[in-house]
Amino acid sequence: MAERRTALITGASRGLGRALARELARDGWNLIINARDPDALAAVAGELGHATPVAGDVTDPGHRAALVRAVRERGGPDLLVNNAGTLGTTPLPRLADQPLDDLAAAFGVNVLAPLALVQALLPDLRERRGAILNISSDAAVEGYRTWGGYGMTKAALEQLSNVLAAEEPGLRVWWVDPGEMRTDMLRAAGEDADAAPPPEESAAALRRLITDRPPSGRYRAADLAGAR
Ligand SMILES: NC(=O)c1ccc[n+]([C@@H]2O[C@H](COP(=O)([O-])OP(=O)(O)OC[C@H]3O[C@@H](n4cnc5c(N)ncnc54)[C@H](OP(=O)(O)O)[C@@H]3O)[C@@H](O)[C@H]2O)c1
């Protein structure tokens, strides 16, 4: 039997992260999953099998060290999915009113924590010719009113990914706009989340990316799904 591959997925207790964890679990991956709420995370791990829940905040260096240890103990990593994210200030403010402390905290979750996990896992990922999947948003590239703070963090995550792909040609680095999804985050943004498709649709598109291993670059879940 082929050796199981191992992935770390952040923000896997609900929404897109949970849906992607379910996809990869069905494909036989070992999973290390993270979120802050330990009970919600344990429930997902129990459902998945072959999943190790490690609860904590991705902005906490001690917690990130625990994640890295868990991934290595499970024989990985072959894949790092930086999915955990925050909107920052809600209700979403115009830039004129954006509290800077909130914005700095959002950069911590959406940009600096993903980079820190990349830095910690790069030696292993290089050795295993692994992959990094960073979850972005159309807000990174569109001029939507009130989405400026969040959009800035996702734009930074995209450029981080872009440069990383150039610096690490032996790896796959994908950054993906998953499209609107019916999740707590979209609800918290004040959008009509019930009108959006479920995260399972985007997760199926991301699975395709992980399975097919196309070149590093920016992808949209809608295009990946359409290419089926
Ligand atoms: N929903 C959309 O329409 C949409 C559109 C474009 C892009 N995205 C992106 O897609 C990704 C997933 O979003 P989603 O809609 O699935 O959000 P969600 O339903 O709110 O889920 C977010 C997940 O991240 C975890 N999380 C949040 N902050 C964390 C932290 N500091 N440390 C560790 N875990 C943390 C949450 O669990 P805890 O709260 O327990 O920590 C939860 O498991 C995000 O990067 C988001 O920006 C979403």
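Q: Among contacts in the protein chain between residues at least 6 apart in sequence, what percentage join residues at least 24 apart?
A: Keep in mind that this is a predicted model. Take the contacts in the protein chain whose partners sit at least 6 apart in sequence, then ask which of these join residues at least 24 apart. That share comes to 65%.

Q: What radius of gyration does the protein chain have, and why does it agree with a compact globule?
A: The C-alpha atoms fill a box of roughly 55 × 35 × 35 Å along the principal axes. For 228 residues, a compact globule would come out near 17 Å, so the chain's own value agrees with that. The radius of gyration here is 16 Å.

Q: How many helices and strands are there in the protein chain, and what percentage of its residues count as buried?
A: The protein chain has 8 helices and 7 strands. Out of its 228 residues, the buried share is 46%.

Q: Which buried residues does helix α2 have, and which side of α2 are they on?
A: Helix α2 spans residues 38-48, and its buried residues are Leu41, Val44, Ala45 and Leu48. They cover an arc of only 100° around the axis, so they end up on the same side of α2. On the other side, Asp39, Gly46 and Glu47 are exposed. So, to name the buried set and its place: Leu41, Val44, Ala45 and Leu48, on the same side of α2.

Q: Is Arg74 buried or exposed?
A: Arg74 lies in the loop between α3 (61-73) and β4 (79-82). Leaving out residues up to four places away in sequence, Arg74 touches Thr6, Asn30, Ile32 and Thr52. Because Arg74 has 20 C-beta neighbours inside 10 Å, it counts as buried.

Q: What separates the C-alpha atoms of Arg74 and Arg94?
A: Along the chain, Arg74 and Arg94 are 20 residues apart.

Q: Which residues come nearest to the ligand?
A: By class, the shell around the ligand has 13 nonpolar, 12 polar and 6 charged residues. Helices α1 (15-26) and α6 (184-188) each supply at least two residues of that shell. Of the 31 residues around the ligand, the nearest are Gly11, Gly15, Arg36, Gly85 and Thr183.

Note on methods
Residues numbered from 1 in each chain as written. Predicted model: local features only at pLDDT ≥ 70, side-chain atom pairs only at ≥ 80, totals over all residues. Near = placed C-beta within 6 Å. Helix = DSSP H or I, 4+ residues; strand = E, 2+ residues; numbered from the N terminus. Nonpolar A, V, L, I, M, F, W, Y, C, P; charged D, E, K, R; others polar. Rg over C-alpha atoms; globule rule 2.2 N^0.38 Å. Buried ≥ 20, exposed ≤ 12 C-beta atoms within 10 Å, placed from the backbone. Contact = placed C-beta atoms within 7 Å. Arc of directions from axis to C-beta.
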